[in-house]
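Here are some notes to read alongside the model.

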Amino acid sequence: TAQMKDNLSFMKDFKPLSVSEKKTIAEAQNILSHIPVVPCTGCNYCAKVCPNNIGISGSFAALNLFTLYHNKDAANGSKAWTVKNAGKKEADQCLKCGKCEQVCPQHIKIRDELVKVTAALG
């Protein structure tokens with residue numbers, strides 16, 4: 001209960017966002033929504049049903065790194081760590097069976113995005 005009281009104490013002087021602050025947040029959301037990242041949350045439901053053990057979420061994290069920072073070395077380093085070193089197969093080994101897409105709570109077109117991973121990062 002001490003932690004709860006501490007947490008609640010931060011709300012005693014609560015002030016809602018101003019109109020200006022809400023406008024700034026809306027503008028930021030609009031800008032961020034136009035960045036073409038894969039909306040993967042890393043839940044790995046897809047990986048659990050993949051018959052070929054593709055490192056799907058790690059591949060997407062690497063692609064997102066590349067999309068955001070345009071640093072191919074960093075993206076490939078991330079992919080090596082989260083895919084290869086994790087014992088997973090690369091995106092180009094996808095069998096295109098679609099089982100992953102059937103369980104994705106984000107409704108990502110995983111097969112299409114894996115093709116983008118291969119095109120961008122090899």
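**Notes on the predicted model**

1. Start with burial. In this predicted model, buried residues make up 25% of the 122 residues in the protein. The accessible surface comes to about 8500 Å². Carbon and sulfur atoms account for 58% of that surface.

2. Next, the fold. The protein has 7 helices and 0 strands. Along the sequence the pattern reads α-α-α-α-α-α-α. The radius of gyration is 19 Å, well over the 14 Å that the globule rule gives for 122 residues, so the protein is more spread out than a compact globule. Its C-alpha trace spans about 55 × 35 × 30 Å along the principal axes.

3. Contacts along the chain. Take the contacts between residues at least 6 apart in sequence: 69% of them join residues at least 24 apart.

4. Now helix α5, residues 72–84. Which of its residues are buried? They are A75, S78, K79 and V83. Seen down the helix axis, these buried residues fall within an arc of 105°, so they line one face of α5. An α-helix has 3.6 residues a turn, so residues three or four places apart point the same way. On the other side of α5, D73, W81 and K84 are exposed.

5. What covers the buried residues of α5? The cover includes α4 (56–69) and α7 (110–121).

6. Finally, S78. This residue sits in helix α5. S78 counts as buried because its relative accessible area is 17%, and the cut-off is under 20%. Leaving out residues up to four places away in sequence, S78 touches A62 and L65.

Definitions and conventions: Residues numbered from 1 in each chain as written. Predicted model: local features only at pLDDT ≥ 70, side-chain atom pairs only at ≥ 80, totals over all residues. Heavy atoms only, no water. Buried < 20%, exposed > 50% of the residue type's maximum accessible area, 1.4 Å probe, protein only. Helix = DSSP H or I, 4+ residues; strand = E, 2+ residues; numbered from the N terminus. Arc of directions from axis to C-beta. Contact = heavy atoms within 4.5 Å. Rg over C-alpha atoms; globule rule 2.2 N^0.38 Å. Areas by Shrake-Rupley, 256 points an atom, 1.4 Å probe, with all protein chains shown as cover.
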